[in-house]
Every structure is written in structure tokens, then in C-alpha cells.
Amino acid sequence: MRGEMPGKGRELLRRKGLVILPLIGSLTVLYGVLPTLDLQTGDQSQLLNIPLLLPACGSRAVANACYISFVTCKELSKQDHDRKNSQSDACKCFLRNGCSAECNHAIHQTSTTSSLSGCDFFLTQQAVNSGGMIGQRSTFANETKEVALKDSSLTDAKAIQERTYTRYSKQITQNEKQNDQHARSGHERFTNMYNYWKQNGSSSPAFHACVVGAGLSGSVIAQRYASLFPDRKVLILDKRSHVGGNCFDYVDAKTGIRIHKYGPHLFHTKHQRVWDYVNSEEFQKKGAGKWIRWDHEVRAAVDMNSTSMQETTFVPVPINGISLNILFGLNLSNDAEVTAWLESHRPRNEERCSDSTESSAAQGRKCQNAEDQCISRVGRDLYQLIFKAYTEKQWGRNVSEMDPEVTARIPVHANFDSRYFQDPYQALPQGGYTKFVHAMLNHSSITILLEVNFFEFRDILEDRNYCSELFFTGPIDSYFNEHLGKLEYRSLHFSQKVFFDVGETSYVQPTSVVNHPSPNVRYTRSVEYKQFLRQKSNHSIVVYEYGTNYIAGVNEPYYPVPNKENRKLFRRYQDLSKTLEILNKSNGKSKVHFVGRLANYKYFNMDQAILNALNLFDKLYQKTRKIHEETDILGLGENQMQKGMQMVGQRNIIEWKHPFQRIVLSQAKARSHLIRTLSPPESGISLIVANGKIVDVRDGDGFIHYMRKAQYIYFFKLLLEKYSNVLPNKFYININLSDHPKEGYLNFCRLLANSAQFLIPNSRFVLDEVVSGFNDYENYGHSPKNLQAEQIKKRINVFTYSQAVQKLREMDVVPFENKIPKIYTSTIPHPAKVDYFHYAVDNTDICSGYVFTGAPFGLVSLHQDAYVRLKEKGMAGDHVKHDFVEHLKYKYLLYNDGNSLSDRTRILLPIHAVMIRRRGSAYEEFYTDKLKENIHYVGYQNTAELRAIISRLESFPLLSKKIIQENQEFVDEQLNFNNVLEYTAHLLHELLVN
């Protein structure tokens with residue numbers, strides 16, 4: 001027994017009919033009749049607390065002992081009238097009697113709980129957190145948390161607890177039994193596998209690689225290993241009942257809303273390799289679902305009056321120009337003004353401290369603590385309003401007691417971009433992270449075992465005869481049994497509240513995530529998952545997060561605690577791992593690799609976790625690394641390696657330099673779908689090529705768009721003049737000219753990620769009749785059949801895209817700030833486009849445009865009354881009124897798909913205007929995956945958003961100018977005509993030569 005129970009305590013237990021028997025390392029209670037003690041009065045049964053403590057205490061006997069010790073200590077301290085001292089004495093007594101870690105947690109919670117004592121709160125926390133089904137635990141958490149949020153009296157709290165315990169006790173007990181059965185089944189399956197291997201062929205390893213942990217890091221390792229070595233077996237196991245690690249999500253049964261169990265996970269990355277990896281076509285085929293663009297925004301609920309919650313203001317975070325304008329009533333309008341304001345509110349240069357993340361004029365003075373660092377970085381005003389209380393709630397200690405590293409990388413944006421992340425790739429998986437990880441692990445060589453504790457089968461898993469290599473993703477100090485000491489972590493506690501009948505498209509919060517920097521609110525942030533990807537539900541759920549101490553076996557380790565002691569201890573564990581590697585070579589044990597955030601004692605974002613695993617895998621398998629980088633970006637298996645080697649060799653000879661190689665390689669994998677015979681599509685053509693020249697052209701049997709036909713003949717003539725040496729001597733080019741892409745053919749657009757619909761540039765990359773002013777809708781698609789490229793060239797003065805860009809810039813002479821501050825578009829009445837005109841006719845102060853309703857189109861789905869009103873305002877008619885030059889007069893240009901992909905992007909990009917583009921296009925061109933929302937265009941979902949968008953852009957013109965600048969650079973550096981030709985040649989080379 002850790003400590004001898006005080007004499008009075010032992011006497012009290014004797015009076016209650018209990019006998020205490022000391023055993024080494026724990027307390028064991030033999031009892032006939034359990035006491036019926038309330039935590040506060042001793043007159044009501046609390047037996048339901050006991051089974052809920054099992055995961056923390058390890059066994060029912062120890063749980064009973066901990067519980068009874070606590071009750072005893074509470075009764076011993078009743079006579080103390082000072083509540084804080086009473087709790088402290090009770091917890092100290094509890095500390096001496098077998099549950100030290102749990103009591104430490106209870107003591108910490110005392111300081112942050114207003115209506116429940118620390119130890120009472122601890123028991124409540126355990127009831128919420130210790131296993132069981134998600135929905136039932138969450139319901140319990142909701143009812144319990146309402147006490148603290150409303151600051152009810154202890155009597156009210158006890159009443160709610162009693163009602164909750166009564167309601168859920170039977171269900172929770174049953175769920176725990178089911179969990180025990182699942183765990184036993186996982187253990188039994190592993191045992192059976194091992195016994196079978198032992199009896200039927202233990203001469204060779206059962207698994208070539210064993211991965212401990214089925215989170216992102218472990219799943220990447222397992223997937224890469226199985227893909228590169230499909231003839232080798234991989235085992236991945238996890239102590240949890242699911243894959244995905246902390247990314248695990250599920251659909252709430254009551255509301256139909258997808259929730260992230262371990263806190264919100266927003267994928268973002270600047271690493272092209274990571275983005276290519278998660279978008280692997282292999283994963284898509286296995287049901288991973290698409291990644292949907294999601295620009296994450298966060299608001300901070302700032303308490304403008306420290307004594308009242310009545311003046312809460314929501315401001316964007318990270319802090320930026322918009323935030324400063326709201327917080328301090330400013331009128332900052334450009335980046336320079338934001339930078340100047342931030343600089344003026346920092347301490348004077350000689351008072352600042354320096355850190356590794358910035359060059360400071362304060363040479364020689366090191367930041368003493370996190371407070372010192374934060375004030376030097378953002379100034380005292382922002383520190384007090386935004387960072388101080390939030391940081392203290394998150395880390396559970398005063399900012400002045402924390403290491404400077406805690407606040408060293410606080411993001412502050414000297415601009416007006418309210419997005420939380422600045423990375424070019426930001427997305428959420430349409431089907432959820434769990435589904436994505438299942439697709440990663442869906443491989444015939446991978447065996448998944450859940451609810452299996454590595455440490456229970458450690459001797460087997462580290463036996464080189466059973467498992468050749470071991471990848472460990474857990475805490476590195478746990479692997480070494482904390483031999484050198486225990487690394488510190490900070491954890492999180494979650495409670496959730498369901499809001500019923502709020503409306504299918506209505507939300508509770510202004511953004512999906514709200515930070516709460518006020519000291520008057522105990523939680524650090526609240527998350528409304530319904531807003532992620534705009535989920536449809538009549539209800540909503542808000543999950544509240546609380547920073548808390550990490551207790552092994554009770555909660556999860558989320559954040560390494562950054563300080564010198566922990567960094568030094570981690571380095572010692574790293575050194576120990578290197579010694580282990582040497583020892584294992586001689587003692588018959590598996591080679592062990594440490595991977596992931598816990599093993600590296602470093603907080604990783606999701607992309608960092610993936611990249612860390614990919615880089616480790618490359619490092620371990622140097623011989624295949626080059627092939628991996630060049631041909632396996634999207635998950636090729638070993639059966640493709642020989643082809644990959646050929647591709648690498650030929651690519652090195654040709655030295656392709658264009659920026660669209662990823663999409664070429666993705667299409668190359670689908671080359672078996674390409675129709676290579678002379679087979680013109682119904683609405684298309686076949687070019688017959690011999691010895692570097694087009695010798696004949698065959699039309700399909702359907703409608704032929706003769707302008708596009710002439711343009712493509714001219715385009716491929718230019719291509720063959722430059723690249724015939726890397727293409728076959730004789731081949732056919734089957735081109736689909738219609739707006740609707742077809743598999744097996746070359747198309748100017750395709751359905752998203754359908755690699756069997758091969759992408760070539762839009763025909764208007766040459767002989768652009770739109771820019772040339774030859775865009776007369778009356779002859780739309782009905783030019784004479786004998787129209788040839790040379791005849792078109794006499795009527796069109798723009799031969800290539802580079803010339804089109806030059807002409808647009810020559811015509812685009814009005815400075816952006818002097819253009820008309822409205823949205824403009826001209827179109828024919830596609831059903832998907834007329835909603836803009838239905839909106840525009842009532843909002844002409846921000847909208848303009850022209851819709852052509854002449855033959856052969858008519859009104860289509862344009863409402864008759866809207867057409868009449870539009871015609872009265874000069875915005876509709878059955879004759880051509882506006883040519884493309886009209887676009888150059890306006891600041892904002894609308895981009896919408898019609899019955900297929902709109903192909904205007906290429907000519908909107910060079911214009912000094914902002915493209916406003918509807919999200920959710922089902923189509924793509926060969927370059928459009930490189931265009932990012934809020935970098936190259938402004939996205940919208942429905943026309944009701946347009947007014948707010950224009951208001952924002954007008955208020956902050958710098959945003960518009962940055963978008964324009966990005967587009968100019970994209971056109972010049974990536975979408976220039978040389979790259980367009982080279983992309984097409986590279987694609988044909990991959991499809992026809994390899």
C-alpha cells in the first residue's frame with residue numbers, strides 16, 4: 001500500500017463494515033455491504049461511480065478502494081469550514097491512499113470549476129470519459145456540463161448528476177461489457193494468429209512489417225509498404241476500436257452530422273507531394289471520396305468588458321487588418337497600415353526580447369517566458385485581449401511560467417486575409433477521415449487488428465522471427481517503460497450540446513470554430529461540426545473543448561509540453577533508440593522505427609504527419625526512392641515498377657519542364673482506356689498523323705463544331721512541328737469536340753478526377769475567336785463545313801494564347817480602381833447560369849451583364865417576366881449586343897459552368913479584374929486544379945452571397961489587387977503557350993510511347 005491510511009480513517013471503514021487488506025502496489029477492499037455515502041452528505045448511494053472508474057484504476061478492487069478512500073477523506077475533512085482547505089485535505093488523503101495521478105487531476109480541476117469541487121468534478125469527468133459508446137457519453141457530458149456553464153448550486157449539480165446516473169447507468173454498464181468483449185476478441189484473434197503461425201510454418205516471418213498505431217502516420221507506413229512490396233505481409237494494430245487515430249470521425253445518430261471525436265481536423269498543406277498522395281486515384285477507387293476545398297475561418301469571441309459577457313465581439317483570428325478594425329474602431333485599408341499599427345503597439349526595440357523565429361533589434365536579451373515573448377511580438381493590448389487567458393486555459397498554468405516556445409509562433413497577418421491557414425491546399429474529405437483511412441488500408445497484404453494493446457504482446461511483436469520490422473507510433477517514453485523519466489503532455493476534454501430544430505441551413509455560431517479568449521469562459525473553443533462542408537441537418541451540435549492534464553489510461557496525449565526539461569529528456573530517448581537499434585541486430589529482435597507525433601514528441605499537423613511517414617519510408621528504402629518519387633506519387637504498386645523505370649529513363653532524356661506533370665502522370669496510369677484505333681467520336685474528329693504531319697482528318701457522324709475542329713487542326717500542327725521527335729511515326733488522335741467529355745478520347749474538359757477522360761487544352765488556346773471579336777452568337781457552331789484554319793486566320797488576328805494575353809492587356813487600359821464596381825457576365829441562357837440574371841434584375845446596383853436569347857437558344861429556363869425586365873434594362877435580347885471587350889469595363893467578372901464546363905477561365909485570368917466563381921464545378925481543365933479560392937478567384941455558393949462579397953472586396957481593395965497579381969503571374973509563368981504545348985506533347989508521349 002502506498003501509504004498507511006490514518007487511524008481515524010481505518011476506524012471509520014470498520015464502522016462501515018469494511019476490512020482493508022494491504023497488498024503490494026495497490027489497495028484491495030474485501031466487503032460484504034458497500035457503504036451508501038454521498039460525496040457531500042453521506043446519505044445517498046454513489047455506487048454507480050465505481051464501475052466508471054475502472055479504466056483509470058485498472059481493476060474493480062482498486063476502483064472500490066480509490067472510491068472508498070476518497071469518501072473517507074471527505075468525511076474526515078468535514079469539520080474544516082474553509083472549502084478550499086477541505087478539498088485540499090481530502091485530496092491529500094486520497095493521494096496517500098492509492099490514486100495519486102487521479103487526485104492530482106482533481107486538484108487541478110478545482111481551480112477551474114466554480115460549482116463542483118475538484119474531486120467531485122474528477123468523478124464527473126471520469127463518468128464522461130471512461131470508455132462506452134460515444135452518443136451516450138456525450139449525452140451525459142451535455143447534462144453534466146450544463147451545471148458548470150450555468151454556474152448552478154452544488155445541490156442543482158447533484159440533482160442533475162443523480163438523474164443522469166439513473167438514466168444511463170444500465171446502458172453504460174452494458175456498453176462496457178460489449179467493449180470488454182471486443183477487446184477480448186481482438187486479443188483472441190491475435191493469439192490465434194500467433195498460434196497458427198507457430199504450428200504451421202514459423203520458419204518464415206508471419207509479417208514483414210508490424211505497425212503499432214492505425215492513425216495517419218501508421219496508416220501511411222502500412223499503405224506504402226504494402227504498395228511497394230505487395231508480396232509481403234503487413235500487420236497494423238491499434239488499442240482503440242477504430243482506425244484513423246485522432247482523425248477518427250463518425251455520423252451522429254440523432255442529428256446525422258459528421259463529428260470529429262478527438263477535436264476538429266482541418267487538412268491544409270503547402271507540400272505538393274502530400275496533396276498528391278491524399279488525392280491518389282488508388283484511394284478514390286477504394287472509396288475514399290473526394291477532397292472538397294474548405295477555407296477554414298475562425299472567430300474569437302472577445303469579451304470587450306472584463307466584468308460582463310454582454311459585450312462579446314467576434315473577430316477573425318489569426319489577428320489581421322479586419323480584426324484590428326473591429327477591435328479598436330480603426331479604418332485600416334492596406335497592408336502597410338496594418339504593419340505600421342502592429343509595429344507601433346509593440347514595445348520599443350530596446351525593450352523587446354528575441355527568439356529564433358524573428359530578427360529582433362534587441363540583441364542579446366532572450367525571452368524569459370511565454371508572456372515576455374508574446375508581448376514583444378504583438379504588444380500588451382492584443383496580448384491581454386486575445387492571447388493571455390486563452391493560453392492559460394489551454395496549458396493550465398500562468399503564461400509567465402511557460403516556456404517562450406509556447407507563444408513563439410503565434411500567427412499575426414499583416415493583411416486582410418481572414419482565412420485561418422495560408423497554405424495553397426485546404427480541404428476536407430467528402431466521406432470523412434475514417435473512410436479515407438479505411439481506403440488507405442484496403443490492401444490484400446494488410447491485416448488490421450483493433451483493440452489490441454501492443455504492450456500485452458510485446459515479446460511476440462518484437463520477435464524478429466514473427467515480425468521482421470516494427471514501426472512504433474506511440475509515445476517514445478512509453479516504449480521504453482519511462483525508463484529515463486516521463487515526458488509531459490497536455491490533453492483535452494470535450495463536452496457537447498445538441499441544438500434541436502434550428503433549421504436545415506441555420507447555424508448556432510458565426511463560424512465553425514470559435515475561440516474563447518475570455519477568462520470568464522472555462523472552455524477554450526467551441527466547434528459546430530454542421531458547418532464543415534455545409535452539412536444538412538435540422539439540428540446542430542456544438543462541442544466545447546477544455547484544456548486538461550494528461551493522465552495515462554484516462555485521456556489522450558495531445559500536445560507535448562514545450563520546455564527545456566522535456567526537450568532534453570526526449571533527446572535522451574532518441575539516443576536510447578539508436579542504442580536499441582544496435583542491440584536488436586544481435587539479440588534476434590525486430591528492427592524498430594519510431595514515426596509520428598508521439599514518437600517524435602512533436603505536434604504535427606496532418607500533412608506533417610503524412611510527410612514525416614513518407615520521408616521515413618523513403619529513407620529506409622533508398623534503392624526504390626527515385627522510382628517512388630517519379631512514378632509512385634499516386635500509389636503505384638510493385639507490378640508497375642518496371643514500367644516506372646522506363647518512364648523515369650525516358651523522362652530524364654526528354655527533360656519535361658512544364659508545371660503540369662502531376663496530372664500527366666495521373667492520366668498515364670489510365671492509358672489502357674485510350675482508344676488508339678481510328679475511331680472519331682460522334683461529335684468529334686480523328687487526326688491521322690504520319691511522319692510528324694497530319695495527313696488526313698475524319699469527322700464523326702454527329703454534330704461537328706467546325707470552329708473547334710479548325711482550331712485543333714492548327715494546334716496539333718504547331719505541336720507536331722516542335723515535338724514530333726518524341727512521338728510515334730504513325731498514330732491517331734481521337735478528339736471529342738462536344739461539351740460533354742467521353743472516356744477513351746481527348747477532351748478539353750473532364751469530370752473531376754476521371755483519368756479515363758484524357759485532357760488536352762481548350763481549342764481556343766489557338767485562333768481565339770472570342771478575343772478577336774469574332775464571337776457572333778448567330779453563327780454559333782454553324783460555320784460552313786469547309787471552313788479551314790487558314791481561312792479563319794484571315795478573320796482572326798490572334799494565333800496563340802500568348803498573343804491573346806498580349807491583346808487583352810493592350811485593350812485592358814482602364815485601371816482597376818476606375819472600373820465599374822459591379823459583377824458582369826455575358827452568356828447564353830444555360831439553365832445553370834440564369835439564376836444570376838434572376839438575381840441581377842433586382843440588384844442592378846451590383847450586377848450587370850447580357851444574356852443572348854436569339855436562335856437557336858430562346859429563353860431556355862430564363863423566366864419570361866425576368867426576361868422582359870432584363871430587356872427593358874438592356875441586359876437581354878435576341879441579337880448580339882456585347883462582345884467580349886465589354887468585360888474589360890468591370891471590376892468583377894462572373895464565372896459559372898453551363899451545361900458543361902465554362903471555358904472562360906483562360907481569358908479572365910489576364911484581365912485586371914476579380915473572377916467570382918461558383919464552387920462545386922463537376923468539371924476541370926488540365927490546369928484548373930492549380931487555381932485556388934481566395935488566391936486566384938473568389939468563390940460563392942449561391943447568388944445571395946454576392947452582395948456581401950462585393951461589399952468585402954470594395955472595403956478591402958488590396959485583396960482584389962493581390963488576386964489580380966497572382967493571376968498575372970500564373971498566366972506568365974505557368975499557363976504560357978510553350979508550357980501548354982509541352983504539356984500536350986508530354987501527355988501524348990506517356991499515352992502512346994510508354
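Three strands make up an open sheet in the order 7-11-8, with antiparallel pairing (strands pair if DSSP finds at least two bridges between them; strands are DSSP E runs of at least two residues and helices H or I runs of at least four, numbered from the N terminus). This is a predicted model, where local features need pLDDT of at least 70, side-chain atom pairs count only at pLDDT 80 or more, and totals for chains, interfaces and linings use all residues. Residues are numbered from 1 along each chain as its sequence is written, and side-chain values use heavy atoms, leaving out hydrogens and water.

- Strand 7 (267–269) and strand 8 (291–293) are the edge strands, each pairing on one side only.
- Strand 8 and strand 11 (residues 425–429) pair in the antiparallel sense over three bridges, and R293 stands opposite A427 in strand 11.

**Aromatic pairs**
- The structure holds 55 aromatic pairs (Phe, Tyr or six-membered Trp ring centres within 6.5 Å; planes under 30 degrees apart are stacked, over 60 edge-to-face, the rest tilted).
- F472 and F594 form an edge-to-face pair, because their ring centres are 6.1 Å apart and their planes stand at 75 degrees.
- F472 lies in strand 13 and F594 in strand 19, so this pair ties together parts 122 residues apart in sequence.
- F472 counts as buried at 2% relative accessibility, and F594 counts as buried at 17% (buried means under 20% relative accessible area, exposed over 50%, partly exposed in between, with a 1.4 Å probe and protein chains only).

**Aromatic cluster**
- One aromatic cluster includes F267, W291 and Y425.
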